[in-house]
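I set out to look up strand pairing and salt bridges here. The entries below follow the order in which I worked.

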Amino acid sequence: MEVSHTLICFFFLFSLQDGSTGLVSAHVSVYSRIEGEDVRVECFIPSYRIRKVFCKEPCDKEDILIETTDASAQRGRYSIDHKDGGFFVTITQLTKSDSGRYSCGAGTSSTQALSKDFEIIVVDAMLDGGPSAEKTIDARTGGNIAVRCRITQYKPKKYFCKEECKQGDNLVETTSKSDQENGRYRIRYTQIIPTGYFLYVSIEQLTQSDSGWYRCGLGRPDSKDPYQRFRLIVTDALTTSPKTTEHPETTKDVVLYVFLTLVVLVIVSSLSVLVFCRKRICKAKGEEPEPHVETQCASEPEAEDDPSQHAYSEIKFVSVGSSHSGFSECVIYSVPPVEASSDEPPLYSTVNNPQ
């Protein structure tokens, strides 16, 4: 009997399994967060010693975020930890790309009988309250926005419209509880008891013409039925043009800097070579032998024309001291010209000449 119950439970769990993930399909909870925030979800797992998996659907091998048998583990922005008999999975610093469905489960790789499926919706703004609680959202062309509108009163009709929301201004409208799309516009309805009713509206591939005022609500747009309101401002996306503009300037500055550096190096090198050459020349001149100056006892140069203007020099060698001293004295007498005054004494010079 016990075996029969075991087989019934096994086949029941097997029938609930998703063939692509191996995880048990269950009710999907929705968690909405603003971009940049963190999300923490509890996974009910009775024991921390078994294998635990945290993945993003379809939960193929490359979709596994964390797989561990430890009590806690972390991988980048993703973590799993054990507390108060349960396991929690966390994603920090949420981005738009984190939106999607996730699963956290436990068990062996072939039979993961325990799991929890949930969905994360990352939005740009959460509107809660009356129409006066409006917000302004800045976005770039080519991007997308997602807004959560909380409504406290239920109406069967859901709508998403622009500006005055008169007839023909509705971007998306539906009476169904399923998602509805119209080109780049989308509306999604969820109900969380007892929190309220939520509309998720989104616009993809934004253009500047999308700037303006928007409404999301339940009921009729032209009535006093509850709605939320926000303003969207779309500006040109940051392109590479500023970088393209800055790049040539930066290159030009670098080229100018290199050129000036080369000029300075050339000048410094030239000065160094010049100083070196001057030192070599001066050194070479300092080492040259002094020119030999030969002193001769000779007469003054003769006058060219007038004999009367000739000045004569008389050279006499006079022995000084004894004959063995080896010195003689060369005396040069300068005889003035004939017409010169006889009172002027003769000029003479004495040169000692060793024998």
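I took two strands as paired if DSSP finds at least two bridges between them. The model is predicted.

**Strand pairing.** Strand β10 (residues 125-127) runs parallel to β12, with three bridges between them; I recorded Val147 in β12 as the bridge partner of Ala125.

**Salt bridges.** I counted 13 salt bridges. I looked up the pair Glu67 and Arg51, whose side chains meet at 2.7 Å, N to O. Glu67 is in strand β4 (residues 64-68) and Arg51 in the loop between β2 (39-43) and β3 (52-56), 16 residues apart. Glu67 is partly exposed at 46% relative accessible area, whereas Arg51, at 17%, counts as buried.

I next examined Asp210 and Arg184, which form a salt bridge at 3.0 Å, N to O. Asp210 lies in the loop between β17 and β18 (212-218) and Arg184 in the loop between β15 (180-182) and β16 (185-192), so the pair ties together parts that are 26 residues apart in sequence. I noted Asp210 as buried, with a relative accessible area of 3%, and Arg184 as partly exposed at 27%.

**Network.** I recorded one network, in which salt bridges that share partners join Glu119, Asp179, Glu181, Arg186 and Arg188. Within it, the side chains of Asp179 and Arg186 meet at 2.7 Å, N to O.

Technical notes
Residues are numbered from 1 along each chain as its sequence is written. This is a predicted model: local features need pLDDT of at least 70, side-chain atom pairs count only at pLDDT 80 or more; totals for chains, interfaces and linings use all residues. Side-chain values use heavy atoms; hydrogens and water are left out. Helices (H or I, at least four residues) and strands (E, at least two) are DSSP runs, numbered from the N terminus. A salt bridge is a side-chain nitrogen of Lys or Arg within 4 Å of a carboxyl oxygen of Asp or Glu. Buried means under 20% relative accessible area, exposed over 50%, partly exposed in between (1.4 Å probe, protein chains only).
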